[in-house]
Amino acid sequence: MRVKLAGFNIDTDVLRRLDPDGQPYLTPETLSAAYARISRSSLPVDQLRKKACQDVVKARRSNQRIIFEMGHHSVAEHAVFNFDIMGVSRLALEEIEKFRLVSYTEKSQRYVTLEGDQVMPREIGDAECKKLFLATVRRQNRFYFKAFHALHRRLRRRFPQELACAGGRKQVENWAKEDSRYILPLASRGQVGMTINARNLEHLLRRFRLSPRREVREIGAKLYALVLPIAPSIILFPEPSPFERQAFPIPDESPESLPRPRMAPAGSELKIVSSTPAADDLLLASGLAARHGLGLPAAALAVKRLPQARKRSLFRDFFRSMQFFDAPPREFEMAGIAFQAIVSASNFAQLKRHRMATLLAANYDPELGCTVPESIREAGLDGEFMEIIEATDRAFRRLGERVGAAADYLLTNSHRRRVLMKMNLRELYHFVRLRADENAQWDIRGLALRLAAEAKKRMPLAAMMLCGKSAFAEEFARIYGEPPRANP
């Protein structure tokens with residue numbers, strides 16, 4: 001057996017020092033070309049890589065033939081890029097972070113004090129519209145700083161014990177930032193580090209070219225311009241296909257004939273749309289079928305004949321060795337739950353990170369109201385908060401008539417949208433472990449706790465250990481009468 005390190009991420013500044021003349025031998029295309037030849041060559045893969053590096057022009061021709069003519073697009077996945085994306089709006093970050101098989105780390109408004117800077121959408125060219133946009137954003141930003149200082153003072157008085165160490169003082173400050181940011185506009189600047197392979201980059205480029213937002217289209221153009229000179233043989237399909245250009249068909253009813261959204265109550269409204277019937281039985285049958293080579297119908301029949309007490313015993317025995325960091329096996333992907341929720345932009349900023357789930361989000365809609373942090377109410381700032389929201393909504397409607405989707409940049413982190421989401425039970429365990437934890441942000445924590453409660457009603461055995469990390473030991477002791485066993 002031989003295992004070799006074929007490559008790893010290298011900073012572009014280092015690459016320039018290695019290759020000051022810009023010679024093409026440092027392209028990631030050589031890895032793709034070498035790995036593409038594995039299936040048709042008797043040579044060891046390290047020799048294939050060496051040959052590809054010795055003749056980059058030939059390697060590029062090979063990539064183009066294999067990807068374009070033969071349709072083996074997966075070889076492009078061996079080329080990986082890292083991007084620093086800075087100074088883009090929170091609204092654009094939502095588009096950037098939609099892609100399932102891409103890695104992101106984003107600047108957090110929970111931990112970083114914002115400086116009041118924002119993106120001015122290029123679509124807003126009219127002087128009157130610019131004046132309205134800037135006046136609204138400046139008012140939002142002024143309140144952000146006012147709320148931050150007021151909440152920080154209150155929290156310091158409320159949690160004096162936390163002020164004894166630097167970490168505690170920072171935590172109190174972060175709590176104040178967390179709730180103050182609900183008034184910030186989606187135009188606020190942010191940044192993200194993105195790691196993406198060439199195949200997914202092509203997918204991103206095609207989607208970005210279809211975006212109604214000029215900022216997103218410009219981000220796509222910049223990404224393409226940066227990568228094309230480095231890896232022209234594996235970025236072959238940046239243009240959307242005719243099929244991708246088509247919108248998903250919707251009924252012909254006019255919007256006026258459809259029921260209007262009603263004002264949502266405080267918090268994240270949750271409605272279960274569907275769940276897997278007899279999920280507990282299905283999961284047991286799936287495990288039985290996989291381990292014993294049975295057909296699923298036969299395994300399902302065997303499970304159906306088991307007494308309920310026996311089924312409960314099987315799940316209890318299974319979960320007994322679980323720790324809070326353990327993920328259920330893939331059998332748990334056979335069952336799932338779909339739900340619709342009304343969430344704030346702050347909530348959505350975290351919800352969107354769970355990209356293994358299916359997430360469909362409607363546009364932000366002021367008719368759905370806004371989410372006001374309880375700390376804002378306790379500080380007596382909710383009146384001013386709502387005055388700014390109402391002024392924002394008026395400006396949004398006025399700008400919407402002139403600049404269309406660019407008006408969305410004015411909406412705040414407290415504004416809401418409807419989301420439709422589907423998670424299998426394995427992903428749901430991951431979501432609830434993270435988002436129902438006592439240290440999770442309160443907005444999404446409320447959603448996670450309600451979702452966990454609904455899942456337990458529908459699949460009580462398979463979801464018996466569905467809880468946040470902080471509650472795991474207590475939940476384990478409630479079920480088993482003893483704390484979880486320590487790791488050996």
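Guide: In this predicted model, the side chains of Arg-426 and Glu-333 meet in a salt bridge, with an N to O distance of 3.0 Å. Arg-426 belongs to helix α17 (residues 425-435), whereas Glu-333 lies in the loop between α13 and β5 (336-344), so this pair ties together parts that are 93 residues apart in sequence. Arg-426 is partly exposed, at 27% relative accessibility, and Glu-333 likewise counts as partly exposed, with a relative accessible area of 35%.

A second pair is formed by Lys-456 and Glu-475, whose closest N and O atoms are 3.1 Å apart. Here two helices are joined: Lys-456 lies in α18 (residues 442-458) and Glu-475 in α19 (residues 472-480), so the pair ties together parts that are 19 residues apart in sequence. Lys-456 is partly exposed at 26% relative accessibility, but Glu-475, at 14%, counts as buried because the cut-off for that class is under 20%.

Lys-352 is placed in the loop between α14 (345-351) and β6 (358-361), and Glu-106 in strand β2 (residues 103-106), so parts that are 246 residues apart in sequence are tied together. Lys-352 is buried, with 6% relative accessibility, and Glu-106 is buried as well, at 13%. Through salt bridges with shared partners, Lys-352 and Glu-106 join Arg-90 and Glu-97 in one network. Across the whole structure, a search finds 26 salt bridges.

How values were computed:
Residues numbered from 1 in each chain as written. Predicted model: local features only at pLDDT ≥ 70, side-chain atom pairs only at ≥ 80, totals over all residues. Heavy atoms only, no water. Salt bridge = Lys/Arg side-chain N within 4 Å of Asp/Glu carboxyl O. Helix = DSSP H or I, 4+ residues; strand = E, 2+ residues; numbered from the N terminus. Buried < 20%, exposed > 50% of the residue type's maximum accessible area, 1.4 Å probe, protein only.
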